[in-house]
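Student: Hi, could you walk me through this model? I'd like to start with a loop and then go wherever the questions lead.

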Amino acid sequence: MNTDPIADFLTRIRNANSARLKMVEIPSSNVKKAMTEILFNQGYITNYKFEEDNKQGIIKIALKYNQSTKVPAITKLERASKPGLRKYCGAETLPRVLNGLGIAIISTSKGIITDKEAKNHNIGGEVLCYVY
């Protein structure tokens, strides 16, 4: 049993990056699907695929590396809000990750979006993680 599925999602990606794997498979959920789409749209992963099985489904993520130096596109994945201590921010106090170079993934009433989209919509929410 997994008590924090979002932390498990981030840890699997982090471990696959450090092992220089091309693909990583993660058990699926709606939150993880939305986070995967954000990582793809922001250019942190090469591709992804949602596969259905008889249980909950699987997300297959193709990780992105620099062609010449083999450095991963994702330098750091950090969980912000934990089950024991949730972190909420209003529209005015949304975090800037790495002075605007990274992204924060936020769970809002409009769905799971990046910090920049939340500022444009002028809404706050729970800060799930930081990516840079």
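Student: Where does Gln 56 lie?
Tutor: Gln 56 sits in the loop between β2 (45–51) and β3; helices (H or I, at least four residues) and strands (E, at least two) are DSSP runs, numbered from the N terminus. This is a predicted model, where local features need pLDDT of at least 70, side-chain atom pairs count only at pLDDT 80 or more, and totals for chains, interfaces and linings use all residues. Residues are numbered from 1 along each chain as its sequence is written, and side-chain values use heavy atoms, with hydrogens and water left out.

Student: What does Gln 56 touch, leaving out residues up to four places away in sequence?
Tutor: Pro 27 and Ser 28, with contact meaning heavy atoms within 4.5 Å. The C-alpha atoms of Gln 56 and Ser 29 are separated by 7.3 Å, though these two are 27 residues apart along the chain.

Student: And how exposed is Gln 56?
Tutor: Gln 56 is partly exposed, at 48% relative accessible area. Buried means under 20%, exposed over 50%, and partly exposed in between (1.4 Å probe, protein chains only).

Student: OK, new topic. How many residues does the largest nonpolar core have?
Tutor: That core has 25 residues, and Phe 9, Ile 13 and Met 35 are among those with the most contacts inside it. A nonpolar core here is a set of buried Ala, Val, Leu, Ile, Met, Phe, Trp, Tyr and Cys residues joined through side-chain atoms within 4.5 Å.

Student: Which elements give two or more residues to this core?
Tutor: They are α1 (5–18), β1 (23–27), α2 (30–41), β3 (58–63), β6 (103–108) and β8 (125–131). α1 gives the most, with 5 residues.

Student: What is Phe 9 in contact with?
Tutor: Beyond its neighbours within four places in sequence, Phe 9 contacts Ile 26, Lys 32, Met 35, Thr 36, Leu 39 and Ile 61.
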